[in-house]
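This report looks at charged side chains that pair with each other. The sequence and the structure come first, and the text follows.

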Amino acid sequence: NDVPPGGNRATLTLADGSIIDLADAQNGALAEQGNSRVIKIGGKLAYNTSSENEAEIVYNIVSTPKGGQYQIELPDGTQVWLNAASSLRFPTSFTGKERRVEIMNGEAYFEVAKNKKMPFIVRLNSAEIQVLGTHFNVMAYAEEATVKTTLLEGSIKFVQQQRGLLLKPGEQIQLSKDGNAKIESDVDTDQV
């Protein structure tokens with residue numbers, strides 16, 4: 001009863017509700033969403049946005065199964081690696097004053113593209129992470145007792161119930177289901 005090794009598997013749910021199995025999809029254009037073209041390139045999902053017209057903002061969801069993982073390049077160039085049994089909701093293009101995505105469940109590692117004019121925000125169930133520059137990991141599985149955000153490089157602000165906590169590299173914030181948050185220092189970032 002050995003568990004098979006994880007693989008590059010995920011599904012993409014488009015704004016119209018249609019679902020694309022990314023493991024079976026061929027490289028190349030997969031769909032047009034708003035003013036973005038969804039492309040699969042060598043086992044990674046990417047979005048090419050045209051600035052020609054302001055289209056309605058539409059959202060996509062990438063979900064990985066148990067034993068799956070997947071890499072996504074968001075429309076702004078931010079790289080996201082989804083771990084097993086994870087879901088990320090994001091717009092097909094970023095417009096306005098901020099770039100906002102949502103971890104619906106699971107774990108994701110982010111390398112955020114710098115853009116001081118449009119802060120990057122990751123929404124969780126009861127909190128959000130305001131990215132001030134950087135590389136960080138978020139573990140927010142529904143069955144876990146705590147949500148953990150670990151900063152590897154740069155700076156992030158963890159905001160929950162009007163309270164903001166600033167993290168430095170090597171620190172991890174742990175948010176329990178009852179709303180208590182605490183910061184752990186000297187976390188083994190390689191392990192995370």
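In this predicted model, E73 is partly exposed, its relative accessible area being 24%. Its side chain meets that of K44 in a salt bridge, with 3.0 Å from N to O. K44 is buried, with a relative accessible area of 19%, because buried means under 20%. E73 belongs to strand β8 (residues 68-73) and K44 to strand β6 (residues 44-49), so the pair ties together parts that are 29 residues apart in sequence.

A search of the whole structure finds six salt bridges. In another of these, R99 pairs with D76, and the closest N and O atoms are 2.4 Å apart. This pair also links distant parts of the chain: R99 is in strand β11 (residues 99-111), while D76 is in the loop between β8 and β9 (79-82), 23 residues apart. R99 is buried, at a relative accessible area of 3%, whereas D76 is partly exposed at 23%.

A salt bridge also joins E184 and K182, where the closest N and O atoms are 3.4 Å apart. E184 counts as partly exposed at 30% relative accessibility, and K182 counts as partly exposed at 46%. Elsewhere, salt bridges that share partners join E98, R100 and E128 into one network.

The table lists pairs described above.

| Salt bridge | N to O distance |
|---|---|
| E73 and K44 | 3.0 Å |
| R99 and D76 | 2.4 Å |
| E184 and K182 | 3.4 Å |

Terms used:
Residues are numbered from 1 along each chain as its sequence is written. This is a predicted model: local features need pLDDT of at least 70, side-chain atom pairs count only at pLDDT 80 or more; totals for chains, interfaces and linings use all residues. Side-chain values use heavy atoms; hydrogens and water are left out. A salt bridge is a side-chain nitrogen of Lys or Arg within 4 Å of a carboxyl oxygen of Asp or Glu. Helices (H or I, at least four residues) and strands (E, at least two) are DSSP runs, numbered from the N terminus. Buried means under 20% relative accessible area, exposed over 50%, partly exposed in between (1.4 Å probe, protein chains only).
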